[in-house]
Amino acid sequence: MSALGASDTTGQQPSARSRQWLTLAGRKKVLAIAHTLTYLKRLLDVLSLLEADFRVQVVFTVPPHVFGDEVPRFLGQLGSPVLPWEEAKRLRFDLALAAGPQGVADVSAPLIALPHGANYVKRIVGAGEAEAGVAGLRRRDIMPDGKTLPAALVVPHGDELRELARSCPEALPVARVIGDPAHDRITASLPLRDAYRRALGLTDGRELVVFASTWGPGSSFGRIEALVPRLIGELPADRYRTAVLVHPNVWSGHGPWQVRAWLAQCSRRGIAIVPPEADWRSVLIAAHRIIGDHGSVTLYGTLTGAPILLTGSPAEEINPMSPAAALAMTAPTLSPAHPLVSQLDYAAAEYREEEYAAIASRITSEPGGFNRRMRRLMYEVLGLGQPAHEPLTVPLPMPPPLEAWTAASARGAESA
């Protein structure tokens, strides 16, 4: 896309003919490598730190990825064109940002590599020695071509440096303890909890139960056929509203039509199926109760003060040194032999704020500091001075009413 004004990797500069189409020429070029919706959402938190800086032009590209089908459509809704991946590989940029490793070694730009979830909670096992390790901290995650380090590797907590010293010690010089943007947005938004509940339509005294699932066979959704009857049949409609948060990889892997078809009875019973493009964080903050697995959403739930009932915690999939492992030892686990309401009440009665606060404190060692540290890092790589204003952490916007998601899901279910 020569109109972007980026150089190609042969060193040739854009022609005068291509430059004439730009109104603001000569900007620093930032490439956002958006493999999946989950990765893209993390990048959007980071890219907000470049807002209102006329010295910088952001360009999005979508590399091939098994879970990447929905990304171009979402970017289209944001009003951003997508630079074709093959073209992005031919151009040179001043900075690249990515929350996943696939293909990043093919990009001509200093790369800042970011995690895409809460801490590093998942462990890869059973796929051979080359694949084994903590996802995100393996050598193959950091140096996918086996030789090229990123310009900077962002980690949320200083404790990750110990695992990094074991798994990829050559990355220690580029590791930067920056923090976690989702953690900071959630904590900054907690004072708005009542407002989020009103926006969702929780004005009649009913409590919100959030059911959260990561992806994969060991997830809550991997056992959804056993859990759907309980969500439908055991939560009294006069006491509870329910919202389902399913990892975007489930939607991408199986397809939106199929996910809505599987959850059709939930939709018809008034359960809100939160779409993958929606911001789940305000919904999580609004929750009175959380039913979740070992994924990031459940772990972020420790920030909210809502009692947590775990659907299961497969030990083989959890990094034993992560806060997710501590959560698995603390939160009660769903039993098939007891009523769901009584188990939610038990989780509330047994909830100890100090125990969950200790788990939440392990998500990041720089609480509230992500924006300041991340902006400093990006401008350092760009070779620019930072804008002369504080990079504020803005509270999350109000969510739509639950009825909007319920109605949309029901329409999808009817078509299913």
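A nonpolar core is a set of buried Ala, Val, Leu, Ile, Met, Phe, Trp, Tyr and Cys residues joined through side-chain atoms within 4.5 Å. Here, buried means under 20% relative accessible area, exposed means over 50%, and partly exposed lies in between (1.4 Å probe, protein chains only).

This is a predicted model, in which local features need pLDDT of at least 70 and side-chain atom pairs count only at pLDDT 80 or more, while totals for chains, interfaces and linings use all residues. Residues are numbered from 1 along each chain as its sequence is written, and side-chain values use heavy atoms, with hydrogens and water left out.

View 1. The largest nonpolar core has 43 residues. Look for L200, L208, Y300, L402 and W405, which have the most contacts inside this core. A second, separate core holds 29 residues, including L43, L49, F60 and Y379.

**View 2. The surroundings of L200.** Contact means heavy atoms within 4.5 Å. Setting aside neighbours within four places in sequence, L200 is in contact with several residues, among them L208, V283 and A286. Other contacts of L200 include P399, P400, P401, L402, E403 and W405.

View 3. Side chains of opposite charge can pair when their charged atoms come close. A salt bridge is a side-chain nitrogen of Lys or Arg within 4 Å of a carboxyl oxygen of Asp or Glu, and by this rule the count comes to 19. In the D45–R185 pair, the closest N and O atoms are 3.3 Å apart. D45 lies in helix α2 (residues 37–47) and R185 in helix α7 (residues 181–189), so the pair ties together parts that are 140 residues apart in sequence. Helices (H or I, at least four residues) and strands (E, at least two) are DSSP runs, numbered from the N terminus. Both D45 and R185 are buried. Together with D279 and R281, they are linked in a network of salt bridges.

**View 4. R55 and D53, a salt bridge.** The N-to-O distance in this pair is 2.8 Å. R55 counts as partly exposed because its relative accessibility is 33%, whereas D53, at 10%, counts as buried.

**View 5. E207 and R289, a salt bridge between two strands.** The side chains of E207 and R289 meet at 3.7 Å, N to O. This pair links distant parts of the chain, with E207 in strand β12 (residues 207–213) and R289 in strand β15, 82 residues apart. Strand β15 covers residues 289–292. With a relative accessible area of 13%, R289 is buried. Beyond its neighbours within four places in sequence, R289 also contacts residues including V209, A306, P307, L344 and A348.
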